[in-house]
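Hi there,

Here is the structure I promised to pass on to you. Have it open while you read, and I will walk you through what turned up.

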Amino acid sequence: VAKAQGRNNFQFFSAEMNRNALDRLNTENHLQSALQNNEFELHVQPVVDCVSGEVVSVEALLRWRQPDLGLIPPSQFIPIAEENGLIHDIGRWVLAEACRLHQYWVDAGMAPLPIAVNVSAVQFRRGDFADMVAAVLADSGMPAACLQLELTETVMLTASERNLAEIHRLKAMGIGLSLDDFGTGYSSLSYLNRLPLDKLKIDRSFVSDMIADPADMAITRAIVSLGGTLGLQVIAEGVEHEEELKALQEIGCAEAQGYLISRPLQAHEFSNWFREFQATPWSQG
Ligand code: C2E
Ligand code: MG
Ligand code: MG
Ligand code: MG
């Protein structure tokens, strides 16, 4: 019996599963020391006004430059950080780094752009999120109006009364609030009324298929219309093609973000990109 079990176990841990488990263990170990080893980088992706073509804000996107494993995208480590609680320290670092970037733009004489920071639902669970944000803003001196927080429907779904109070407090501080990946969640639309949101971000999955698939076009149109009715600014994510941008302009979508405009860039790359872009905006090109 033991032998049979042994063999079964061996089969169960197939080579690939074994590697995945090892990868994960490896990632988790490395992640513990990533902050103190300064391995995180904040990349930024511009968001433009669909009509004027002006850059209206940037989204901060976290990257992990692990010496052995290379540049790791957030999808591969944020879920682990959410599970082991590291997301709290990482989230604070992201916010502080966004503030530092803002100060760098001010010092360099660049027009400081509002900066959007992604927030995980787990960050709300401890109940000290708004305090943390207030403290980081106070330390850095960045005006609250320059910060936008991107929440997901998961935040809305799991929000306690206390969390809702925190969200209202963030809004009262003057911070902008966006709902990210809109349309992909499972929750009802009723929270749109309960939350002091400023923006809706249409999920990339709708935008990338809107030209080929009439259903995705209809959903995109409906979200833009809903945003208009509720007084929310709508941003289309994942705009990769000229046709998508044209269609978004036609249906009255306010803002766009995606590889067509720019990929996420390192901070210094972004400064160069922004200088060139201001000299020749795409609306004139
Ligand atoms: P998100 O907030 O919805 O960010 C947009 C994602 O779409 C980014 O992926 C961005 O690189 C990608 N993207 C932008 N334009 C295009 C496009 O035209 N085509 C395609 N194919 N992709 C595009 P990224 O950087 O890998 O981030 C993935 C997700 O990880 C983010 O989705 C966000 O939910 C999460 N994330 C990123 N940074 C942070 C962070 O600092 N904290 C937390 N909690 N989550 C983060
Ligand atoms: Mg986002
Ligand atoms: Mg999104
Ligand atoms: Mg997301």
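Setting aside neighbours within four places in sequence, Ser262 is in contact with Gln45, Pro46 and Trp273. You will find Ser262 in the loop between β9 (255–256) and α12 (267–279). With a relative accessible area of 5%, Ser262 is buried, because buried means under 20%. Please keep in mind that this is a predicted model.

Next, have a look at the metal site. Glu59 (OE), Asn118 (OD1), Glu150 (OE) and Asp180 (OD) coordinate the magnesium ion (ligand 2) at 2.0 to 2.2 Å. Along the chain, these donors follow the spacing E-x58-N-x31-E-x29-D. The magnesium ion (ligand 3) lies 4.3 Å from the magnesium ion (ligand 2), and Asp180 coordinates both. Distant parts of the chain are linked here: Glu59 sits in strand β2 (residues 55–66) and Asp180 in strand β6 (residues 176–182), 121 residues apart. Glu59 counts as buried at 4% relative accessibility, and Asp180 counts as buried at 6%.

Finally, a pair of helices. Two packed helices are described by the angle between their axes and the distance between the axes. For helix α5 (residues 129–140) and helix α7 (residues 161–172), the angle is about 20 degrees and the axes are 9 Å apart. Angles under 35 degrees count as roughly parallel, so α5 and α7 are roughly parallel to each other. On the α5 side, the contact is made by Phe129, Ala130, Asp131, Val133 and Ala134, and on the α7 side by Glu166, Arg169 and Leu170. These residues divide into five nonpolar, no polar and three charged.

Happy exploring!

How values were computed: Residues numbered from 1 in each chain as written. Chains lettered and ligands numbered in written order. Predicted model: local features only at pLDDT ≥ 70, side-chain atom pairs only at ≥ 80, totals over all residues. Heavy atoms only, no water. Helix = DSSP H or I, 4+ residues; strand = E, 2+ residues; numbered from the N terminus. Buried < 20%, exposed > 50% of the residue type's maximum accessible area, 1.4 Å probe, protein only. Contact = heavy atoms within 4.5 Å. Axes fitted to C-alpha atoms, helices over the stretch in contact; angles between N-to-C directions. Parallel < 35°, antiparallel > 145°, perpendicular 65-115°, else oblique. Nonpolar A, V, L, I, M, F, W, Y, C, P; charged D, E, K, R; others polar. Donors = N, O, S within 2.8 Å, 3.2 Å for Na, K, Ca; no water.
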